[in-house]
Amino acid sequence: MTMPPAAPDSTPFGTAVVAGVGLIGGSVALGLRQRLLAKKVVGLDSSMDVLREAEALGVVDEVRASAGEWLREADLVVLAAPMRALAPLARDLAPFLNPGALVTDVGSVKAGIAAEMERLGVRSFVAGHPMAGSERGGVTHARAALLENAVWVLTPGDHTPLTALSRARALVEGLGAAPVVMPPDAHDALVATISHLPYLASLALTHMVARDERLSLLAAGGFRDLTRVASGDPRMSRDMVVENRAALREALSRFRRQLDRLEADLDDPEELLLCAQEGKRTRDSLPVVRRSLLPQRHDLVVAVPDKPNQIGAVTQALGAAGVNIKDIEVLAIREDGGAIRLGLESPEDVARAAGILTGAGFEVRGRG
């Protein structure tokens, strides 16, 4: 009897390696698992404490403490180490990388790591920077939702293969983020102004308060909001701005000119009003993702084959069991299948639904 050919696997990546399992690396790992983008996610980190925590939290499927031949099975490698450790990590991993693997990173400065990977001969590298984060670091605070709706900059070099860039874009979109492509130097100049300069400005303002206790008595919500980024990890923040110091010096020069102009406008109220109105228009036009205002979601991701009425089969099975679906989202549909996200009322409903759907032959993964 002739057996029909097996359906092709719809999972984009077989083995994905996240090297550096902190806040962003952990969030990427969770996104890969929860959105069914990889069959196996391996966490690589020099800290055994971090690895044990990541494994206990279900952030990764497997852990490794050092690079080795095992890396050759990976078809996706994400470098998520702190800025200062990024280039040394790349050098450690490069001898073991599969030439066909997509390699990317999540660092906030791009020119240096792009040049290093070029020097190492890693042709399938696409430098990346998800514009997302939190003052609370570490894998404990990692969550896939951190990356959703975030701008994710991709900065291919002159020799980046188009296939690698296409795969990187698909990865970013699969994680729920919005890819934006630009050259590494352009990225670093822009980030110097919108990220690294505000950090230095926050330091300057907080230092002024630290040196006059009377100021601390009056520093309230507005001041705290303005200086929020000063609460980030000091070493990581220091390494970030030092790595981008050339572009940051140019941004600081422009900032000083703006301060000088505003100082001069103190003697010209009408001109200062025009500046204030321009500032309000610009600030009010900035996009806002109000994640903190969204209700907590208890999600279940379900892999579905590309066959008629599969979504109906899922909803009917849960409806018959009295499980109320609050939200449903198609994450991806390909010729050979895809995934849907079900928003449920409680963790108990997630557990019930997982049991029902697993019993019906579906592959499922919970998502907080």
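**Reading contacts, burial and strands**

Analyst: Apart from neighbours within four places in sequence, alanine 142 is in contact with Gly22, Leu23, Gly26, Ser27 and Leu30; contact means heavy atoms within 4.5 Å. The model is predicted, so that local features need pLDDT of at least 70 and side-chain atom pairs count only at pLDDT 80 or more, while totals for chains, interfaces and linings use all residues. Residues are numbered from 1 along each chain as its sequence is written, and side-chain values use heavy atoms, with hydrogens and water left out.

User: Where does alanine 142 lie, and is alanine 142 buried or exposed?

Analyst: Burial is read from relative accessible area: buried means under 20%, exposed over 50%, and partly exposed in between, with a 1.4 Å probe and protein chains only. Alanine 142 lies in the loop between β6 and β7, and it counts as buried because its relative accessibility is 12%. Helices (H or I, at least four residues) and strands (E, at least two) are DSSP runs, numbered from the N terminus.

User: How many helices and strands does the chain have, and what is the order of the strands in the open sheet?

Analyst: The chain has 13 helices and twelve strands. Two strands pair if DSSP finds at least two bridges between them. Eight strands form an open sheet with mixed pairing, in the order β3-β2-β1-β4-β5-β6-β7-β8. At its edges stand β3 (62-64) and β8 (178-181), each with a single partner strand, so one side of each has no neighbour in the sheet. From one strand to the next, the twist averages 25°. Angles run from 0 to 180 degrees between N-to-C directions, and axes are lines fitted to C-alpha atoms, for helices over the stretch in contact.

User: How many bridges join β7 to β8, and which helix lies across β8?

Analyst: Strand β7 (residues 151-155) runs parallel to β8, and four bridges join the two. Leucine 154 has valine 181 of β8 as its bridge partner. Helix α5 (residues 162-174) lies across β8 at about 150°, and also across β1 (13-19), β4 (76-79), β5 (102-105), β6 (125-130) and β7.

User: Which residues does aspartate 349 touch, and why does aspartate 349 count as buried?

Analyst: Aspartate 349 is part of helix α13 (residues 347-359). Not counting residues up to four places away in sequence, aspartate 349 touches Val323 and Leu344. It counts as buried because its relative accessibility is 11%.

User: What may be said of the chain as a whole, including its buried share and its box?

Analyst: Of its 368 residues, 40% count as buried. Taken along the principal axes, the box filled by the C-alpha atoms is roughly 90 × 50 × 35 Å. Among contacts with a separation of 6 or more, 70% come from residues 24 or more positions apart.
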